Amino acid sequence: MTDSKYFTTTKKGEIFELKAELNSDKKEKKKEAVKKVIASMTVGKDVSALFPDVVNCMQTDNLELKKLVYLYLMNYAKSQPDMAIMAVNTFVKDCEDPNPLIRALAVRTMGCIRVDKITEYLCEPLRKCLKDEDPYVRKTAAVCVAKLHDINAQLVEDQGFLDTLKDLISDSNPMVVANAVAALSEIAESHPSSNLLDLNPQSINKLLTALNECTEWGQIFILDCLANYMPKDDREAQSICERVTPRLSHANSAVVLSAVKVLMKFMEMLSKDLDYYGTLLKKLAPPLVTLLSAEPELQYVALRNINLIVQKRPEILKHEMKVFFVKYNDPIYVKLEKLDIMIRLASQANIAQVLAELKEYATEVDVDFVRKAVRAIGRCAIKVEQSAERCVSTLLDLIQTKVNYVVQEAIVVIKDIFRKYPNKYESVIATLCENLDSLDEPEARAAMIWIVGEYAERIDNADELLESFLEGFHDESTQLQLLTAIVKLFLKKPTETQELVQQVLSLATQDSDNPDLRDRGYIYWRLLSTDPVAAKEVVLAEKPLISEETDLIEPTLLDELICYIGTLASVYHKPPSAFVEGGRGVVHKSLPPRTASSESAESPETAPTGAPPGEQPDVIPAQGDLLGDLLNLDLGPPVSGPPLATSSVQMGAVDLLGGGLDSLIGGTNFVAPPTAAVPANLGAPIGSGLSDLFDLTSGVGTLSGSYVAPKAVWLPAMKAKGLEISGTFTRQVGSISMDLQLTNKALQVMTDFAIQFNRNSFGLAPAAPLQVHAPLSPNQTVEISLPLSTVGSVMKMEPLNNLQVAVKNNIDVFYFSTLYPLHILFVEDGKMDRQMFLATWKDIPNENEAQFQIRDCPLNAEAASSKLQSSNIFTVAKRNVEGQDMLYQSLKLTNGIWVLAELRIQPGNPSCTLSLKCRAPEVSQHVYQAYETILKN
Amino acid sequence: MIGGLFIYNHKGEVLISRVYRDDIGNAVDAFRVNVIHARQQVRSPVTNIARTSFFHVKRSNIWLAAVTKQNVNAAMVFEFLYKMCDVMAAYFGKISEENIKNNFVLIYELLDEILDFGYPQNSETGALKTFITQQGIKSQTKEEQSQITSQVTGQIGWRREGIKYRRNELFLDVLESVNLLMSPQGQVLSAHVSGRVVMKSYLSGMPECKFGMNDKIVIEKQGKGTADETSKSGKQSIAIDDCTFHQCVRLSKFDSERSISFIPPDGEFELMRYRTTKDIILPFRVIPLVREVGRTKLEVKVVIKSNFKPSLLAQKIEVRIPTPLNTSGVQVICMKGKAKYKASENAIVWKIKRMAGMKESQISAEIELLPTNDKKKWARPPISMNFEVPFAPSGLKVRYLKVFEPKLNYSDHDVIKWVRYIGRSGIYETRC
């Protein structure tokens with residue numbers, strides 16, 4: 001007789017029957033009945049009514065029956081907490097059983113019964129089991145501590161189980177060690193601040209010893225735990241690496257990936273000059289390649305991780321291109337990932353092979369895959385300049401196939417190729433135009449419209465083409481592109497296209513409900529009617545080239561993800577906080593900093609050929625990066641915007657707004673917004689010089705903005721060969737700018753100004769080049785407002801709001817540093833919903849709360865609130881407690897950090913109290929300073 | 001860690017459901033609705049539905065899914081699911097709906113043992129079979145009990161003490177699969193061998209084994225002493241790109257001395273896996289010739305050449321030539337073996353039972369096509385090949401396998417050893 005029959009009982013009144021069978025005297029019949037109950041439970045029937053009868057079967061010496069009853073208990077105890085108490089006695093008795101298997105079974109099951117009342121009874125047996133003579137019981141008890149902690153964390157702490165668990169790390173049995181490590185790691189995750197896993201060289205040594213002896217799973221627990229350790233110097237890092245490398249030959253892919261994680265992380269600390277560093281790099285490649293011969297699901301996990309590793313350290317796999325070639329039978333998810341890595345590894349050396357492969361893929365069946373392959377050809381063209389021509393001709397071949405989606409995808413990438421190599425491949429436009437009719441996807445249509453507008457002067461029938469697009473103007477996805485393209489066309493061929501431009505402007509401004517479209521329409525309209533020459537300069541301005549690497553993960557996120565190799569975060573390419581609920585796993589991990597000894601050898605761009613050291617003012621502590629930047633400065637004056645806002649995570653809401661739309665309105669002298677590879681931004685370049693427009697219409701003055709400090713001298717003339725720079729920071733309607741006043745106190749004319757920032761805590765970077773229109777004659781002063789974006793590279797500075805700046809002119813390069821007030825980073829949508837505020841306030845641990853006194857501030861609540869509001873500190877709620885006014889406020893920084901505040905104002909008392917809560921407590925001090933400045937001015 | 005583990009049949013009915021953590025909510029149904037019953041093809045083995053992550057693998061038409069709410073080690077979860085399949089297969093054979101229903105009590109018992117609160121525990125079948133049996137638990141003596149627990153948790157968790165054989169015997173199988181992707185012009189785009197050394201050991205006691213092969217690094221290291229030997233064996237040594245080992249192998253020893261030493265599990269296990277890419281002997285070469293004659297006819301000619309010692313015989317040779325979807329008829333002529341057009345598989349399948357080395361054979365076919373309006377060109381999938389040869393295409397040779405059992409009175413000489421080499425085709429494709 002087999003067990004499958006239990007699945008088929010569907011008679012009515014079966015609960016009754018089961019009840020009778022459960023109470024039968026015959027052991028066999030009892031067991032059969034319990035099996036039936038479990039089968040019903042599995043398929044989702046409610047058999048909780050049988051609780052007392054099943055629990056009655058618990059007292060048995062038949063281990064199989066006992067296990068079945070336990071299984072039932074784990075499922076239903078929660079719904080019947082009072083009844084569950086009946087089982088306690090048996091558990092306690094079983095924990096004393098001479099058979100270690102039964103002791104372990106009892107303690108294991110007891111931990112799974114998540115009923116508060118039971119947990120009290122669990123403590124004593126658990127304490128005994130943690131010190132049991134049998135390792136099997138101890139390893140089970142170790143896990144049980146984690147279970148209990150999940151139900152009642154306080155109880156576990158009070159009972160001192162955490163200390164016992166820590167002791168188990170020194171246990172003689174490797175499996176006990178491994179389970180203790182796993183349990184502690186999980187508990188530590190929910191207490192980020194506690195130093196539960198107090199790792200030190202001694203305990204690390206114990207773990208490394210256990211690593212050689214325990215099961216494959218235990219090795220994973222230990223390696224994952226080791227990855228959280230921060231070695232004190234490069235020596236220690238190396239010795240750990242040496243002991244971890246043998247794991248790279250383990251048959252279990254998870255062991256290999258966890259070992260890779262430890263090595264990738266600790267490698268950060270090793271000097272590149274070290275022989276060992278090179279050896280280690282070489283050792284990493286073969287196991288990563290071997291992972292690709294695993295089962296497809298694991299291949300997928302491995303490929304997602306390799307994608308990160310290739311971005312972090314391209315040198316590891318640069319010779320292994322071939323293994324990423326797609327096989328015909330690979331599952332689609334493997335194919336897509338391989339393709340991604342192929343593009344990342346593409347270089348001049350292997351581009352011929354890669355292109356041949358990509359062309360092959362473009363004829364496959366799966367639509368997504370084919371599209372990606374076509375797109376990849378375009379990316380190769382942008383990445384490897386030498387191959388651009390070949391890529392373009394390959395794309396043209398593909399267009400000839402007339403397969404609809406291939407053609408559309410090819411046109412989208414050709415547009416990007418034009419943006420990278422302008423005025424080079426326009427000969428293909430004719431071919432593209434032949435395929436106009438087949439374009440039915442918005443992205444492809446938008447790309448085509450952009451191309452026609454951009455090269456209108458070379459396309460004879462550009463007006464006809466655009467006119468035909470205009471017929472379908474209601475198709476809203478390409479309206480903005482069409483508007484811009486027609487305006488471009490008009491500026492290039494004004495005589496024939498006047499009617500067309502009027503038509504599109506009236507369509508955009510009168511017949512559309514879309515505010516973006518209307519606004520842009522009006523801007524063009526006014527621009528064209530006020531000053532066509534200026535319009536030409538604005539709309540047809542030269543645009544910076546797009547960068548060669550697209551789709552790169554933002555460096556800080558990449559570093560964080562490297563710390564999560566092997567885990568879900570590395571599969572999703574998102575930090576755990578993006579998909580894990582609650583407090584677990586939201587601790588941000590970061591790579592260890594390089595040790596001092598290796599600093600000098602670190603960056604190749606630290607060329608010693610910069611300015612002679614004597615002339616560098618002492619305000620700049622770290623010169624390395626600045627020197628590197630200086631080289632950039634000299635190379636070409638148009639500092640092409642901030643780095644691409646590429647990764648999807650970074651694009652999320654704030655930054656896109658901050659860098660794109662908002663800066664259109666607020667900035668003065670704004671030249672070019674950050675370029676982006678995203679087609680949605682196609683229209684963005686017309687933002688050029690929009691501010692002039694506002695000057696004309698004089699709408700700017702009325703816009704409110706944050707408090708602006710008076711200008712201070714940042715760079716005295718003595719230190720800068722006669723150039724004096726003073727300045728301040730402002731924030732107006734979402735855009736940050738640096739208002740500079742340059743004075744020439746020397747005797748010669750100054751020209752060729754350029755500015756560059758060092759990496760800083762919030763990624764501030766100039767959003768446009770420093771434009772000083774005319775040469776600055778002696779004793780002349782010029783006022784400039786430099787728009788800033790917050791998408792630059794990020795590096796934590798000390799103090800947090802320190803900004804190091806290099807300014808160049810025809811005489812020399814000068815450095816200075818300044819502190820910016822934090823409130824320029826407070827964004828406009830910083831008002832938190834009340835409920836959200838309450839929940840967040842509770843959620844942030846109390847350790848993160850900081851309290852400050854603001855003295856001599858005789859403001860009442862209303863005044864303070866409105867004053868703060870104008871600097872984007874929003875009052876979420878107000879309360880009056882015992883005569884004191886409590887203001888609950890929220891604000892958000894450009895990088896998405898929320899700060900919650902409670903401002904207590906006592907009428908009659910000139911000082912008020914400010915409590916700040918924030919997940920990144922290091923900003924509190926600066927937020928307080930911002931409060932003080934705003935309130936007092 | 002893993003929050004729950006479910007097994008479904010092809011219809012999405014739950015066969016096994018084991019929840020380890022409460023936080024996963026009603027994950028059983030979420031997976032069924034969003035993955036099993038989803039309209040589209042599965043695009044990823046990991047899915048995130050409402051902040052809950054699902055990992056799944058499929059074995060025939062059975063779905064195994066692990067669920068979690070945390071940032072778990074994804075590689076570990078998949079490794080565990082594979083291991084789970086291995087363990088089940090070791091207990092009751094093929095993983096099918098019937099077998100799972102027949103053994104559901106056993107599966108629950110196993111899940112309770114190998115996954116505790118979502119942490120994988122010892123999952124070696126050798127150890128599990130000592131105390132999880134289908135016959136219910138036998139009454140054990142105290143010694144037996146402690147032996148079980150020490151084995152499950154011990155350093156050598158894969159082998160129990162006190163194994164005795166009258167005849168000490170071991171079998172070594174070197175199984176290689178050779179993979180090739182060749183361009184129509186005969187250029188090797190990529191080629192590699194992935195090999196496995198599978199050992200069946202029937203040895204008494206706790207034998208200490210040492211395995212040696214013609215690994216280039218080892219040979220060169222040893223060769224330093226005797227120059228003569230280097231020149232002799234140097235040619236035959238092979239460069240191994242990478243290898244991984246069963247957990248019984250002492251990895252630190254391999255890392256430092258490159259010697260492979262271990263105490264084997266009893267019975268069959270996979271000692272090592274390896275990968276080579278250099279100097280591979282490609283047993284067959286496929287030369288395709290496809291000609292489109294007008295819009296309704298296609299001429300295909302394929303030549304295969306065997307490239308190994310004439311004294312050896314390749315077996316189970318099968319060449320698969322894809323045909324367009326709009327094929328209406330096929331005429332085939334082949335000199336050797338049997339060829340058939342299989343409409344359901346859109347391919348001409350040409351089978352040859354045996355073929356000696358250094359021979360060649362040819363097939364030619366005329367394919368009639370139905371005219372279509374489909375603008376899209378036929379994708380021309382590659383021609384693939386299957387075969388089996390009695391040698392290792394990587395050139396790997398077993399040099400020795402020494403057995404030491406100091407406590408029992410048998411020596412290395414008393415052990416009967418068998419070695420066998422089998423090379424099979426992996427993905428062996430030639431584009432046309």
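1. **Ground rules.** This is a predicted model, in which local features need pLDDT of at least 70, side-chain atom pairs count only at pLDDT 80 or more, and totals for chains, interfaces and linings use all residues. Residues are numbered from 1 along each chain as its sequence is written, chains are lettered from A and ligands numbered from 1 in the order in which they are written, and side-chain values use heavy atoms, with hydrogens and water left out.

2. **Overall make-up.** Chain A has 40 helices and 13 strands. Helices (H or I, at least four residues) and strands (E, at least two) are DSSP runs, numbered from the N terminus. Of the 937 residues in chain A, 58% are buried. Buried means under 20% relative accessible area, exposed over 50%, and partly exposed in between (1.4 Å probe, protein chains only).

3. **Contacts along the chain.** Take the contacts in chain A with a separation of 6 or more: 67% join residues 24 or more positions apart. Contact means heavy atoms within 4.5 Å.

4. **α17 against α18.** Helix α17(A) covers residues 296-312, and helix α18(A) covers 332-345. They pack at an angle of about 20°, with axes 9 Å apart. Axes are lines fitted to C-alpha atoms, for helices over the stretch in contact, and angles run from 0 to 180 degrees between N-to-C directions. The two helices are therefore roughly parallel (angles under 35 degrees). Residues in the contact include A:Tyr300 and A:Leu303 of α17(A), and A:Ile341 of α18(A). By class, the contact has nine nonpolar, three polar and six charged residues. Ala, Val, Leu, Ile, Met, Phe, Trp, Tyr, Cys and Pro count as nonpolar, Asp, Glu, Lys and Arg as charged, and the others, Gly among them, as polar.

5. **α18 against α20.** α18(A) also packs with helix α20(A), residues 367-383, at about 5°, with axes 10 Å apart. That makes α18(A) roughly parallel to α20(A). Among the contact residues are A:Leu336 and A:Leu339 of α18(A), and A:Phe369 and A:Ala373 of α20(A). The contact has eight nonpolar, no polar and seven charged residues.

6. An α-helix has 3.6 residues a turn, so residues three or four places apart point the same way.

Key: Angles under 35 degrees count as roughly parallel, over 145 as roughly antiparallel, 65 to 115 as roughly perpendicular and the rest as oblique.
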